[in-house]
Each structure stands twice: as structure tokens, then as C-alpha cells.
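Please look over the following briefing alongside the sequence and the model.

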Amino acid sequence: MLISNRLILITFILFSGAFLINKAQDVINPDSALQVILKGIKGEGITVNQVNEYALQNATSVRIAEAEYLAASGSLRRERGNYDPEFFFSLNYRDVEEPTASFFAGADVLLTKQTTSQTGLKLRLPAGTQFELSLNTVSLKTNSQFAFLNPEYNTFGSLNIRQPLLKGFTSSGRKELTGAELQYEAAKARYDQEVMTVKFVAEQMYWSLYTSERDYAVQKLTRDRAAAFLKEAELRHKAGLIGPNQVANAKTFLAEQELLLIDRKEQFESQSDKLAALIGVRPASGFSRFKVVDEPPKNFAVESLEDIIENARNSNLDLQAARKEVEAANSLVEAAGWESL
């Protein structure tokens with residue numbers, strides 16, 4: 001009977017201990033404790049989209065690339081304007097009062113009033129051909145006795161066509177337009193590449209801030225565990241279960257974790273300052289740093305090295321811009337070879 005009672009008591013103690021251990025594990029779950037620390041970190045929350053938006057608004061390199069792109073667009077519009085139809089109109093009026101000495105003038109004082117007008121259309125083609133279509137009117141009124149028609153009206157039209165045979169023909173005729181088109185495409189590609197680069201750097205710094213924030217939270221959790229370990233060691237020392245050396249080791253371990261926590265905090269705030277300098281926005285008043293809101297993506301497509309290199313060659317906008325600039329230079333060379341004739 002005594003052995004049975006002891007077995008029952010031992011079994012009860014084991015089940016009670018297992019239950020208490022499970023409850024303790026639920027309370028000190030590192031992941032749960034880490035989330036509590038992360039939620040308690042003070043700072044202004046910011047998302048990846050906000051970082052990209054601020055970076056594109058305030059990045060100097062993007063503004064420079066945009067200015068070059070707009071300048072190239074203006075140059076292209078100017079060159080295209082040379083081939084737009086041009087409407088023209090001119091009006092001349094003459095009122096002459098002239099004494100005469102000849103009988104055939106028809107009057108002692110010859111009065112002449114003449115109105116001349118011209119209107120039409122000019123057009124220049126990229127091949128160098130020039131068209132001019134005009135309508136001319138002349139109105140003449142005089143007091144001469146020999147004028148059979150008074151007033152006299154004349155109207156006639158004219159069509160002029162000019163086609164250069166050497167200089168200004170084919171590639172030479174549109175060299176400025178071709179160069180402007182290619183320079184525009186190059187500037188557009190460089191602007192798009194700069195936008196992609198700034199977004200890449202901004203997102204990279206955002207996820208670096210994410211890493212620094214987690215490092216700081218993990219180190220703070222480790223420091224808290226070191227403080228709890230020291231407290232436990234002191235209690236066990238008072239109970240006579242361990243010696244003073246174990247307490248000293250616990251104090252040393254806690255001091256090391258305190259130093260590491262200071263380093264992680266400085267790294268966290270430094271990363272936040274770098275991100276703020278990049279996007280040109282400081283945290284709102286009351287906050288000294290940013291804190292991340294989004295979670296990093298977890299699924300990535302796996303590609304071979306050959307595919308990555310091929311995509312880089314075909315999709316790199318800097319390479320495309322360089323190709324366009326080479327084509328622009330070659331177009332001028334071709335035009336110069338034609339004009340040398």
C-alpha cells in the first residue's frame with residue numbers, strides 16, 4: 001500500500017511539472033515576446049510605396065534625368081516643327097502722288113493707289129523637298145486718262161517646288177530630326193533607368209531598416225533574458241545552490257548584452273537617418289526614427305544565370321540609351337558623307 005501511494009504521488013508530481021513547464025513555455029515563447037517588443041518600438045510607420053514616392057519626388061538624380069529628358073523632348077518638338085505646314089499672309093498698300101512732265105502719263109499729277117496681298121502654304125519634307133503654294137491679288141486705282149481699266153484687279157496663283165540633289169537630300173535633309181529623335185529616346189531610357197535605380201536603392205534601404213529593427217528587437221529580448229537570468233542566479237545564490245562565480249558570470253553576460261543593445265540601437269537609428277536622407281523626408285514631430293510597416297516578399301522566381309545575363313543585356317536601359325546615342329552619331333556621319341558630294 002505504501003509503494004502504491006508513493007507511485008501515485010510521483011506520477012502526480014510528474015504530470016504537474018509537465019503542465020507547469022508547458023505553461024511556462026507558452027508565457028516565454030520567444031516569437032510572442034519578440035512581437036511584443038516590435039510593437040513597443042516607437043517611430044513613425046512607413047510603407048514601401050511611401051518610400052518610393054518620396055524618393056522619386058526628392059531625388060536629385062531623378063530631377064536631373066527628368067530635366068535632360070524634357071530638354072530632349074523640346075528639341076524634338078522644335079525639329080518636328082520645321083516640317084509642319086506654314087501658312088503665311090502679307091498685305092502691302094501704296095498711295096503715290098507724283099507730278100509728271102510727260103503727256104503720256106495721263107495726268108499732270110498722277111495719283112496711284114495699289115494694294116497687293118499674298119497668302120499661301122509652305123511645306124518642307126524630310127527628304128529636303130520644299131513646296132510653296134500661294135494666291136496673289138493686285139488692286140490698282142489711278143487717275144491716268146490712258147488707263148483702260150480703273151480700278152484694275154489681278155489675281156493669280158503660283159506653285160514653287162524646290163528639290164536639292166546633293167546637300168539637303170535624303171539623310172542629309174532630315175539629319176537634325178533623326179538626331180533629335182534618337183537623343184530623345186536615349187534621354188527617355190536614361191530617365192526610366194534612373195527611376196528604377198532610385199526605387200531599387202530606396203527599397204534596399206527600407207529592407208535594411210527592417211533588418212536593423214529586428215536585430216534591435218532580438219537584442220533587447222536577449223538583454224531581458226540576461227537580466228532574468230541574473231535575477232535567477234542571485235536567488236539561487238541566496239538559497240546556497242550556486243556560488244558567487246556563477247552570479248559574476250551572469251552579471252558579465254548581462255553587461256555584454258547591454259553593450260550590444262546600445263550598438264543595435266545606434267545601427268537602427270543610423271539606418272533610419274540614411275533612409276530619411278535618401279527620400280528627403282524626416283519623421284513626424286514626436287518621433288526620432290522610422291519603423292517599417294510592410295513585410296518582405298517570401299516567394300521569388302528562380303532563373304538560371306544565363307537567363308539573367310540575357311535579360312540584363314536586352315532590358316538594361318543604360319545600354320539601350322547608349323545604342324541610341326551611337327545611332328544618332330552614325331546618322332550624322334551618314335549625312336556628312338552625303339553632303340561631302
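**Overall picture**

The protein chain contains 8 helices and 6 strands in its secondary structure, where helices (H or I, at least four residues) and strands (E, at least two) are DSSP runs numbered from the N terminus. This is a predicted model, in which local features need pLDDT of at least 70 and side-chain atom pairs count only at pLDDT 80 or more, while totals for chains, interfaces and linings use all residues. Residues are numbered from 1 along each chain as its sequence is written, and side-chain values use heavy atoms, with hydrogens and water left out.

**Fold and burial**

- Read from the N terminus, the elements of the protein chain follow the order α-α-β-α-α-β-β-β-β-α-α-β-α-α.
- Of the 341 residues in the protein chain, 26% count as buried, where buried means under 20% relative accessible area, exposed means over 50%, and partly exposed lies in between (1.4 Å probe, protein chains only).
- When contacts between residues at least 6 apart in sequence are taken, 72% of them in the protein chain join residues at least 24 apart; contact here means heavy atoms within 4.5 Å.

**Helix packing**

- α5 (175-238) packs with helix α8 (residues 317-339) at an angle of about 170°, and their axes are 8 Å apart; axes are lines fitted to C-alpha atoms, for helices over the stretch in contact, and angles run from 0 to 180 degrees between N-to-C directions.
- Because of that angle, α5 is roughly antiparallel to α8, given that angles under 35 degrees count as roughly parallel, over 145 as roughly antiparallel, 65 to 115 as roughly perpendicular and the rest as oblique.
- The residues making this contact include Leu182, Ala186, Ala189 and Met196 of α5, together with Ala321, Ala328, Leu332 and Ala335 of α8.
- By class, the contact of α5 with α8 comprises 10 nonpolar, 5 polar and 9 charged residues, where Ala, Val, Leu, Ile, Met, Phe, Trp, Tyr, Cys and Pro count as nonpolar, Asp, Glu, Lys and Arg as charged, and the others, Gly among them, as polar.
- Helix α3 (residues 48-58) and helix α4 (residues 60-81) have axes that come within 5 Å and cross at roughly 55°, which makes α3 oblique to α4.
- Leu56, Gln57 and Asn58 of α3 meet Thr60, Val62 and Arg63 of α4 in this contact, and its residues divide into 2 nonpolar, 3 polar and 1 charged.

**The largest pocket**

- The largest pocket has a volume of about 170 Å³; on a 1 Å grid over the protein atoms alone, a cavity is a set of points where a 1.4 Å probe fits but cannot get out, whereas a pocket is an open set with protein on both sides within 12 Å along at least five of seven lines, and lining residues have an atom within 4 Å of a point.
- Grid points are joined across faces, edges and corners, and a volume is the space filled by probe spheres set on the points.
- The lining is formed by Asn82, Asp84, Glu86, Lys122, Leu123, Arg124, Gln130, Phe131, Glu132, Asn160, Ile161 and Arg162, with β3, β4 and β5 each supplying at least two of its residues.
- By class, this lining has 3 nonpolar, 3 polar and 6 charged residues.

- Thr129 sits in the loop between β3 (109-124) and β4 (130-142), and Thr129 is buried because its relative accessible area is 11%.
- Apart from neighbours within four places in sequence, Thr129 is in contact with Leu123, Arg124, Ile161, Arg162 and Gln163.
- Gln163 belongs to the loop between β5 (152-162) and α5, and with 32% relative accessibility Gln163 counts as partly exposed.
- Gln163 and Gln130 lie 33 residues apart in sequence, yet their C-alpha atoms are 6.5 Å apart in space.

**Helix residues**

- Arg80, which is found in helix α4, counts as partly exposed at 45% relative accessibility.
- Neighbours within four places in sequence left aside, Arg80 is in contact with Leu177 and Glu181.
- Asn49 lies in helix α3 and counts as exposed at 60% relative accessibility, while Asn49 and Glu203 are 154 residues apart in sequence and 9.0 Å apart in space, C-alpha to C-alpha.
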